[in-house]
Amino acid sequence: MRPLDATQSDALLAARGAPAEQRGPFIAFAGGSPLALSLAASVPAAAPGAPWEPTGDLPSAVHRHALEVVAQVYVTREPLLCAVLGETDTATVFSWLRQQP
């Protein structure tokens, strides 16, 4: 499936009930991915009109890097993660990734 354009992304978010003021940040975050748009739309607003940003507390910068790898490759296995992260405790980070929703 090809990425959705901005108009299609907005339509998908509207159909999912995403508030109009949050659609722009959702669209910028998702890059046209229908899955990412649907997931972002399922997150309840913190408060009416509150800006949305894809943030959260991560254990470390290495964990963030591991999430970036997962976002870019179709299948992430421990050897690939080790090749990207280098001498980091890859087994621990991979185990953490497997526990994420």
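Begin by selecting R23, which lies in helix α2, residues 20-30; helices here are DSSP runs of H or I with at least four residues, numbered from the N terminus. The model is a predicted one, in which local features need pLDDT of at least 70 and side-chain atom pairs count only at pLDDT 80 or more, while totals for chains, interfaces and linings use all residues. Residues are numbered from 1 along each chain as its sequence is written, and side-chain values use heavy atoms, with hydrogens and water left out.

Is R23 buried or exposed? R23 has a relative accessible area of 18% and is therefore buried, a word that stands for under 20% relative accessible area, with exposed meaning over 50% and partly exposed in between (1.4 Å probe, protein chains only). Now show the residues around R23: leaving aside neighbours within four places in sequence, R23 is in contact with D10, L13, A14 and A18, where contact means heavy atoms within 4.5 Å.

Select D10 together with R23, and you will find their side chains joined in a salt bridge at 3.8 Å, N to O. This pair links distant parts of the chain, since D10 sits in helix α1 (residues 6-15) and R23 in helix α2, 13 residues apart. The term salt bridge is used for a side-chain nitrogen of Lys or Arg within 4 Å of a carboxyl oxygen of Asp or Glu, and the structure holds 1 of them. D10, with a relative accessible area of 28%, is partly exposed.

**Second stop: helix α4**

Move on to residues 61-72, the 12 residues of helix α4, which reaches 17 Å from its first C-alpha to its last, close to the 16 Å expected at 1.5 Å a residue; that expected span is 1.5 Å times one less than the number of residues. Colour H63, A66 and V69, which are the buried residues of α4. Looking down the axis of α4, you will see these buried residues fall within an arc of 110°, so they line one face of the helix; the arc is taken from the directions from the helix axis to the C-beta atoms. Helices α5 (78-85) and α6 (90-98) are included in what covers them, whereas the face turned away from the buried side carries the exposed residues A61, A71 and Q72.

**Last stop: H65**

Finally, select H65, which also belongs to helix α4 and is partly exposed, with a relative accessible area of 33%. Leaving aside neighbours within four places in sequence, H65 is in contact with V84 and L85.

Note on methods
Helix = DSSP H or I, 4+ residues; strand = E, 2+ residues; numbered from the N terminus.
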